[in-house]
Amino acid sequence: MMKRRYRLATYLKTYTGTMAALIIGAAALLSLCAGCSDKAVEGKAEVTNRIITSDTILSGMIGSLLPAHGYVVEAILPPGQCPGHYDVKLSDIEKMKKAALTVSFKGMPFMEKAGTERKAQLIVDADGRNWMAPDSYVYGLALLADELSKRFPEDKATIMARKEQAIREVRVEADLLREKIRRAGIVGKSVVASSMQKEPLEWMGFDVVAEYGRPEAMSAREVVRLAKIARDRHATLVVDNLQSGPQTGKGIAETLEIPHVILSNFPSERGYIATLSQNVDTVITAVTRK
């Protein structure tokens, strides 16, 4: 009887000691994990630079150039919105104030209204190019890579390496799209188009025989003039720009009984290559449909 009591006391003592050790160990582990979590959050907050751009062309380019672990890139202008008619919001201004850098094309009225005159700002001169055209997009990648390297010198090597990768990807996809256009047999065909789409259409191989501006600048006389040119030059298509007036040339197309299409001048949420590919598919379908 005494032996059984002794063994029971010994067992309880051992069990109690083991449970205490387990509880202490678990508490220490939880404390360590919590400390690590706090440090990770703090570390992320310290290394993340928020870049705010005027539009999705610039946000897409910059996002492809900067290392993802240290930067967040966001565009102000929705991809389907006209820059000239966008009303800047208080939330947009707040984002720009908190940004490590704001990047905008020269002449963006809503960015000027936001009053973003500050040191951490990059105003980009497109040099008369439409950066939706692949050759101009590549030009823009090189320009932005140089500017970003000056502002974030610690990441210069990564920025330059990512620039070369992005340029290769754009050129490969652009060559595939040009071959698709060639096989469709539409190279050299005449079109009338919004001036905003002239360069991308010429890259596709079209002959832009006449161009027009925003709808507010279109008079009845101008419509008659454009329709005459289109008829005389055997235009096969009228191309509008989504952001500056998607129905501007529709009346001309209806008068001549030729297709009317709308192309985007800014990348959608799917990105630059996807938007360029969609634009190409849109014109091929319109020109080749029976």
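Trainee: What covers the buried residues of helix H8?

Mentor: The cover includes strand E5 (190-194), strand E6 (207-212) and helix H9 (250-256), where contact means heavy atoms within 4.5 Å. Helices (H or I, at least four residues) and strands (E, at least two) are DSSP runs, numbered from the N terminus. This is a predicted model, in which local features need pLDDT of at least 70, side-chain atom pairs count only at pLDDT 80 or more, and totals for chains, interfaces and linings use all residues. Residues are numbered from 1 along each chain as its sequence is written, and side-chain values use heavy atoms, with hydrogens and water left out.

Trainee: Which residues of H8 are buried, and what puts them on the same side?

Mentor: They are Leu 226, Ala 227 and Ala 230; buried means under 20% relative accessible area, exposed over 50%, partly exposed in between (1.4 Å probe, protein chains only). They share one side of H8 because they cover an arc of only 100° around the axis, taken from the directions from the helix axis to the C-beta atoms. The face turned away from that side carries the exposed residues Arg 221, Val 224 and Lys 228.

Trainee: Why is the contact between Arg 50 and Glu 74 called a salt bridge?

Mentor: The term requires a side-chain nitrogen of Lys or Arg within 4 Å of a carboxyl oxygen of Asp or Glu. The closest N and O atoms of Arg 50 and Glu 74 are 3.5 Å apart, so the pair qualifies. It links distant parts of the chain, with Arg 50 in strand E1 and Glu 74 in strand E2, 24 residues apart. Arg 50, Glu 74 and Lys 95 are linked in a network of salt bridges.

Trainee: What makes Arg 50 exposed, partly exposed or buried?

Mentor: Its relative accessible area is 37%, and therefore Arg 50 counts as partly exposed. Glu 74, at 24%, is likewise partly exposed.

Trainee: How are Lys 150 and Glu 147 placed in helix H5?

Mentor: They are 3 residues apart in H5 (residues 134-151), which means a separation of about one helical turn. Lys 150 is exposed, with a relative accessible area of 59%.
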